[in-house]
Amino acid sequence: MAWSKWSYMDHWVTETPQGPQPPSFNRAHMDRYVKQLSALGFRGFDTFFFYLPMLAGMYGSVPAFERFLQDNGFDKITGIFSAYPYATRYTAPHVRETHDRIFADCEATVRAVDGLSVENFIVMPSTTYFQVEPVTEEKIKVMADLWNRVGRMTLEHGMKTTCHFEFWGAIRTREQLDLFFSHTDPELVFFFCDTAQHTIAGVDPVQMFRDYRDRCTGFHFKDTHTVDEHEAYRTPPDPELMAPEVTRWFYEMGTDGGLVDFPALMREIVASGYDGWLTVEHDKAELGGGSYAEATCVAKWYIDNVLAEVSR
Amino acid sequence: MKDTLRWAYALNQWNFRLDVFVRHSDQLRALKTLSACGFDHVELPAGTGRWDNLARPEVILLNHGDHAGFLDFLRRGSVRGVSSVYWDPGQPVEEEGWAFRSTANRHDHDAIVESAKPFVEFCAGVGAEQLVVRPVGSAWMSPPPDAHGLRTVGELWNRVGELAAAVGVGLALHYDCLGAVHTEAELVGLLEATDPALVGLALDTAEFTIGGIDPVAFYQRHAGRVTHVHLKDTRYADTGQEYRMPGAETTMLRGGAGRRIERWFFELGTEGGLVDVKAFVAALRSRAYPGWVVVESDHGGNPAELAMLNSWYLQYELSVAKS
């Protein structure tokens, strides 16, 4: 049987009377967005922590938004993404003095979805590389301590804290990843596999999943055409959109030149007995004139016609 | 879409300018989009020139070798076939020396029949069931046809219908809201001027509604003549004879004048939609309509977004199983 637990990570941009905007532009656009994803057969919905107040306001409450999802064929909200990509004096995971603030933020986010059955609290465990370097074991341990603490708290609310690594983050090489996981409690801190981010950083996502299968609670299925060979990850203030050598890092599954071996990963996932969600993510799909809608359809076509054959 | 009705999707929305929908990779993305939305047959628009390589039969074949090669190309996007091809013989094309022809002019008939041949042959070659045609030109360019005029137009389409029938292809006259045949009486008159065995009607729900004809009631009265359907919605009816404005293709349909309505065609389920889509589809089901139902976005916004919304409507409001 083909894999059915596909969710969608919310980055969408749509055309509105006020130009391109996120669907949160208004309730009508948000409704259309949910219906569009529903039409393709997505059953899970991942979103950012900062959208929760908007959704509560628009639908009356976050549970009411989830009921709208369910009226349109979704199972539920599957993941909440939280991040501190840019270090400040208030929030920087490698700075222990900021941990109380980050912990409090995380607790507030988790409380906003209390009563639902959101599975993943997805975090960027570090900020940008250039703000942390030199990256030392001590700094990685400080970050691990934070997420151990947050992980214990989120489990009490029924959610797993799961770490999503960026190619431009302070934890990016295989050695750094292994070091970070060695300092975190496997019962409290989990692994979220973003196929493109790892590939750009020169890390094989299939091997990462193979090695951390027991701690893996989710995926972002997206592709890339480029491995970072110019230390773009160190570009201040932002390597994702300002790296001089690469103007677009992320692509939907199924494009020519894609570097991620999705069929191999899918085979590995199926063989492993993993039964969680697989999430499609399109990050900055509008670069170069693309559209999120078409990118999502093309990715879903790839799921239905390529990955479905692998997962049967 | 798995249903008692056969569903297809019109590709015309992707090709909004002559040079934007040419690369096969772009076309495959559109085909994959429709496949992901549950559609496995497409209606092709007619076109002209080297860039219309999903529209002009000779150019399609130049790109893909033969009919089988073209079907193989569609199948790379998981689209299994072509439901139909739309063609307006009044639209000048490079392949005909940019000749301006009118179906109302008997002197143009031989040339129009000749120009229909590539389309008929292409439909037969790729297994498309219907050649869908614009039967008359725009109302603002000619007076309403009288009985004699309707007979003249009917004679032409009987000839083309005969040509198509000889190779197993149906011919469907597509009513549109700008056409010189505008009222229900004129449309019925045109149908009566044609041989039902050779010529059918393509009923476009939005075009009918804009033109002031109730598509449900019309279908109930003339189901036997309806051999093709375009399903889309509209929020407006032409209540002020805007179709008679000079250049109505832009002054009316693009809001250049009159009430300045810049968008007339909408996806199924649009807020304020005037077409009773559920009643219309129920009528098709009740009469076991055998033809294609082609969902059409028709230049209403982002093509992929509209295909997704139309797919949602079929699945959630019309209870059509996606697969």
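I take helices (H or I, at least four residues) and strands (E, at least two) as DSSP runs, numbered from the N terminus. I am working on a predicted model, where local features need pLDDT of at least 70, side-chain atom pairs count only at pLDDT 80 or more, and totals for chains, interfaces and linings use all residues. Residues are numbered from 1 along each chain as its sequence is written, while chains are lettered from A and ligands numbered from 1 in the order in which they are written.

Entry 1, a helix of chain A.
I looked past the end of H3(A) and found A:Gly73 following, with a positive phi near 90 degrees. I then listed the buried residues of H3(A), residues 62-71: A:Val62, A:Phe65, A:Glu66 and A:Leu69. I call a residue buried if 20 or more other C-beta atoms lie within 10 Å of its own, with C-beta atoms placed from the backbone. Down the axis of H3(A) these residues fall within an arc of 100 degrees, so they line one face of the helix. The arc is that of the directions from the helix axis to the C-beta atoms. I noted that an α-helix has 3.6 residues a turn, so residues three or four places apart point the same way. The buried residues of H3(A) pack against H1, strand E4 (44-48), helix H2 (52-59), strand E5 (76-82) and helix H4 (99-112) of chain A.

Entry 2, the barrel of chain B.
I traced eight strands of chain B closing into a barrel, in the order E1-E2-E3-E4-E5-E6-E7-E10, with parallel pairing. Two strands pair if DSSP finds at least two bridges between them. E5(B) and E6(B) are joined by three bridges, with B:Ala172 opposite B:Gly200.

How many residues of strand E6 of chain B are buried? Five of the five are, so the strand is largely enclosed by the rest of the structure. B:Gly200, B:Ala202 and B:Asp204 lie on one side, and B:Leu201 and B:Leu203 on the other.

I found 19 residues from chain A and 18 residues from chain B in the contact. Residues are in contact if their C-beta atoms, placed from the backbone, lie within 7 Å. H12(A) gives the largest share of chain A's side, eight residues.

Note on methods
Two residues are in contact if their C-beta atoms, placed from the backbone, lie within 7 Å. A residue is buried if 20 or more other C-beta atoms lie within 10 Å of its own, exposed if 12 or fewer, and partly exposed in between; C-beta atoms are placed from the backbone.
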